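Here are my notes on the model you sent. Please read them with the structure open.

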Amino acid sequence: MSKVRGPPSNTWYGPALEFMQGEVGEADFPWLDEYGAVVRLSAPLVPGGDILLISDSKALRHMHQTAFNEFGANALRHAIVNLMTGPGIATAQGLDHVRQHQVIQPGFGISEIRTHIPHFFEYADKLSDRWSEILGASNGSAVIDVTEWNSKLTLDLVGRALFDYEFGALDGKEDDLIHACENAENVIVESMGTMVEGGVIFMALSKYISPTIYNFVLDHSWDPKITRIRHARDLCRSFAERIVAEKKAAILDGRQDKDIMSLIVRANSSNKDVKNRMNDEELLAQDLSVRWEQYGDPHHALDTHGTCPESGIAATTERRNTGQKPYGMESADLDSLTFMNAFLKETLRMHPVTFMVTQEPKADTVLPLSQPLTLSTEEVITELSIPKGQNIVSSLSGYNRLKELWGQDAHVFNPDRWLGDSLKGKSTGFGMYNWFFLWTRCWWKFALVLLQVYIVRVAGHFRFSMTEDSKKIKRQSSVYMMPKVDGSPERGITLPLSVELDDE
């Protein structure tokens, strides 16, 4: 471990602070080129607190797929997610994660998602109508904060498909739950988006501190930001209690509701092995986990991928070339739009919403490497021994820029790489959608269909261009990669774009 190369420590807090404070990729892309796909970030203040930053494809596949149960969440990350969701799929580890995944999966099967595709189009159309109204009142052009509207779209769709509940966010309905979620999300960005020195120390110390202590501190902290997150969680929990009770009552009445939470509750109740069922606390936590994950990942994916100026061009070009009409489309129709999906994959590669995951091995282990790694002693190794409790940051943003996998133009946006043979024979078994939806493996298809429908139905009807503010957008490092205007932290998550109707 001590021989793994990395940037020098110019401060007491080491290079981890530079990595956490900077824009996504700002620090680690140069390190990737200089030191390789495994980089050691030293933590001088904490003995044994060094962090391994890993982008190597075989190592990532080992940690997140092959030997998934041998790794657990970093204690600090686990406590923060637990604060928001409780003991759900987002915090479950090992066999508990497998058990919960087996119960949840039936609700997110491809056939189940297909039944909700009309809802995807319904709410995408509603968003288009709202923007058309704004443009109609502004002589056909206006600056729109698309992240605010994408948040409303995602919340309405999640409510309808997952809970058979109408939030009414796109209709301007006032709801304490909506405001609490939006408020808490901005708090998370404020709290984690710019890591203070203490945050780096706590991450390094997490191998020595029990998650119970972190949970206690977060549950009783008087910090205003933590208090606002707890308030949002409590409102969501009250909603979850009502929803789960309604779903249980519907099952007793013999109803066969098709919303995803009904499917999860029904699958849990019908499980013949009582030991494999989720208890009430875990069921409530699934509601909270799904809400945060669906509200977070797809919402910010829309910000990053759906509204970039080229997305509308991709959608309209595809329709003209194929003769495909964006009406009455099914999942197979969306998947058949070859160029649009290549465009989508390339934007996911360049701008991954889930750009990193922190974790640690539960016991001493050995990581296989896809590329030889040169140590500080000039020794070259093909596997790396790491001790129990080692702080690891799995870097999706780094993996997505590996030149040995993506080519010498790895830092260049090029959708054509998905259409030709340039990636042939380079598969790592760790696919693009697996990585992008790393925290949301159960419902990756849901998020993917939302992105596809958004590009076809919304982005294809408008033209987007940069404003002076959007030219200053930075890829904010936080729980997700989020758009923020550089120099204006008070504005929170925002992406102001100039929007016009596309009459072509």
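Are Y399 and W406 buried or exposed? Y399 is buried, and W406 is buried too. Keep in mind that this is a predicted model.

1. **The Y399 and W406 rings.** Across the whole structure, a search finds 10 aromatic pairs. In one of them, the ring centres of Y399 and W406 are 6.3 Å apart and the planes stand at 85°. That pair is edge-to-face, because planes over 60 degrees apart count as such.

2. **W406 again, with W418.** W406 also forms an aromatic pair with W418. The centres are 5.6 Å apart, the planes make 55°, and the pair is tilted. It links distant parts of the chain: W406 sits in helix 19 (residues 403-406), while W418 is in the loop between helix 19 and helix 20 (432-436). The two residues are 12 residues apart. W418 has 22% relative accessibility, so it counts as partly exposed.

3. Which helix holds E346? E346 lies in helix 17 (residues 338-350). Its relative accessible area is 0%, so E346 is buried. Leaving out residues up to four places away in sequence, E346 touches V412, F413, N414, P415, R417 and W418.

4. **Strand 8 and its partners.** Strand 8 (residues 391-395) pairs with strand 5 (residues 356-361) in the antiparallel sense, over four bridges. Here T358 stands opposite V393, and M356 stands opposite S395. With strand 2, strand 8 pairs in the parallel sense, also over four bridges. L52 stands opposite I392 there. Why call strand 8 largely enclosed by the rest of the structure? Because five of its five residues are buried. Both faces are covered: N391, V393 and S395 are buried on one side, I392 and S394 on the other.

5. A second open sheet has the order 4-12-9, with antiparallel pairing. Its edge strands are strand 4 (141-145) and strand 9 (462-466), each pairing on one side only. Neighbouring strands in this sheet are turned by 35° against each other on average, direction ignored. Strand 9 and strand 12 (residues 496-501) pair over five bridges. In that pairing, M466 stands opposite L497. Helix 8 lies across strand 4, strand 9 and strand 12, at about 65° to strand 4.

6. **N150 in helix 8.** N150 belongs to helix 8 (residues 146-163). Is N150 buried or exposed? With a relative accessible area of 0%, N150 is buried. Its side chain makes a polar contact of 2.8 Å with that of Y454.

7. **The nonpolar cores.** In soluble globular proteins, nonpolar side chains tend to be buried together. The largest nonpolar core in this model has 65 residues. L127, W131, F163, I264, F446 and F464 have the most contacts inside it. L127 touches W149, N150, L153, L170, Y454 and V458, not counting residues up to four places away in sequence. Apart from that core lies another, of 25 residues, including L32, L52, L384 and L396.

8. **An aromatic cluster.** F163, one of the residues with the most contacts inside the largest core, also belongs to an aromatic cluster.

Notes
Residues numbered from 1 in each chain as written. Predicted model: local features only at pLDDT ≥ 70, side-chain atom pairs only at ≥ 80, totals over all residues. Heavy atoms only, no water. Pairing = 2+ DSSP bridges. Buried < 20%, exposed > 50% of the residue type's maximum accessible area, 1.4 Å probe, protein only. Polar contact = N/O pair within 3.5 Å; in protein donor to acceptor, adjacent residues only side chain to side chain. Core = buried A, V, L, I, M, F, W, Y, C linked by side-chain atoms within 4.5 Å. Contact = heavy atoms within 4.5 Å. Phe/Tyr/Trp six-rings, centres within 6.5 Å; stacked < 30°, edge-to-face > 60°. Axes fitted to C-alpha atoms, helices over the stretch in contact; angles between N-to-C directions.
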